[in-house]
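Please read the following account with the coordinates open beside it. It begins with a single chain and then turns to how the two copies are arranged.

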2 protein chains.
Amino acid sequence: MPDTSDLPRADATRARLMKAAVTAFAEKGFHGTTTRDIATAAGMSPAALYVHHRSKEELLYLISRSGHESTLRLVEEAIGSSDDPVAALRRVVHDFAVHHARDHTGARIVNYELAALSPEHLAEIRTIRRRIEREIRALVERGVAAGAFHVPNAKIAAVAVLSLGIDIARWYRGTGEWTPEDVAEGYVQIALRIVGAA
Amino acid sequence: MPDTSDLPRADATRARLMKAAVTAFAEKGFHGTTTRDIATAAGMSPAALYVHHRSKEELLYLISRSGHESTLRLVEEAIGSSDDPVAALRRVVHDFAVHHARDHTGARIVNYELAALSPEHLAEIRTIRRRIEREIRALVERGVAAGAFHVPNAKIAAVAVLSLGIDIARWYRGTGEWTPEDVAEGYVQIALRIVGAA
DNA sequence: GAGGTTACTAAGCGCTCGCTTAGAATGGTG
DNA sequence: CACCATTCTAAGCGAGCGCTTAGTAACCTC
């Protein structure tokens, strides 16, 4: 594997392999997917995968890391967008829901293929997940402190709000009656009720 | 595989194999688990598995079916336990949450290993899932019709209530600060808020 | 305790897996 | 167009997979 990380052609091939891997992992799971599946879907021979990646697990790790990082960024930006807890909650629940519905394929890997990561990679991913959880919990606690939210148990409310968003990746398929925007709008109202901001 | 379905010794062995399979499937996924894993954990040789089951997939199917059936039963009983939509919702959310927390291992297979089922088995399981979804949706609609619930969108509210319960299987580990009962009580309050019954 | 049914194992078959190797195309640069 | 790094493939290796077969151990009945 030569260092071709900044050459356009290699980049395009990497992207094709990643995209094929995302589809396959989301559909059949990491262990249910073969390197031949991925390579064939990317229009290459199985050996080509190893020109660009160390292993099948590395492919999963790269997908998982970039997915987690973009989710964390989304959450941080949404929550930082307003000092008003209600506005911040609206924004983060909306964006989180849209993202998990629109990219339910990628989000499925992010949330349901953690066990297939190597211990080192899993540890790294886990710290990103903790940061996401902490952001949501801090927002709920801030809202309670500001008198904007009213909950019997802030931790449970935070878990529920996050859990609702994540689980979209499990049940949402682009084929139903709802657009990602529909789900997001419905979930914003639900989140406001959960934290007692209505 | 002789027909030993009602002989106590064979039943005990079946149960050991099922239990070992549940643990392994929940931990590593269906495709990440080998028949040797299951047999060894059950204290037997790999061949013994095939004395009692046709295939590894059949083991998954039996686990998935019994898990789905007991969840459906739980939901039907809870919802049928009262004509009052608020009481019925309290009961179903409570029992559903307790079940998904206490048996998060089994519930993980039920909810996240569907793709590994054969097409025929998957179709059968899907009809059970639809009945569960319909029960919850009907309850929300009943509450709205009775003026006990107030929601802008009953379908979304029903999806959210069910989604919250299912996702417990993903995040709950018996090792945290909350008992299944704690989660259930918190989630009952949250569900009441979601449907606008507070 | 002999006979027959049931429960299990040792060994391994055929196949597919992740991954490697050796070498052939490909394409940018003088 | 010669040169050479880059990009890719044909072929296949060793390991582990799901599952089978042939035979042994355990148990129940009489």
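The paragraphs below describe the fold of one chain and then the contact between the chains.

This is a predicted model, in which local features need pLDDT of at least 70 and side-chain atom pairs count only at pLDDT 80 or more, while totals for chains, interfaces and linings use all residues. Residues are numbered from 1 along each chain as its sequence is written, and chains are lettered from A and ligands numbered from 1 in the order in which they are written.

Chain A contains nine helices and zero strands, where helices (H or I, at least four residues) and strands (E, at least two) are DSSP runs numbered from the N terminus. Its C-alpha trace spans about 60 × 35 × 30 Å along the principal axes. Of the 198 residues in chain A, 40% are buried, that is, have 20 or more other C-beta atoms, placed from the backbone, within 10 Å of their own. Among contacts in chain A with a separation of 6 or more, 71% join residues 24 or more positions apart, a contact being two residues whose C-beta atoms, placed from the backbone, lie within 7 Å.

The contact takes 22 residues from chain A and 22 residues from chain B. On the side of chain A that touches chain B, α8 (154-171) and α9 (180-194) of chain A each supply at least two residues, and α8(A) gives the most, with eight residues. Because 100% of the interface residues of chain A are also interface residues in chain B, the copies meet through the same surface.

Note on methods
A residue is buried if 20 or more other C-beta atoms lie within 10 Å of its own, exposed if 12 or fewer, and partly exposed in between; C-beta atoms are placed from the backbone.
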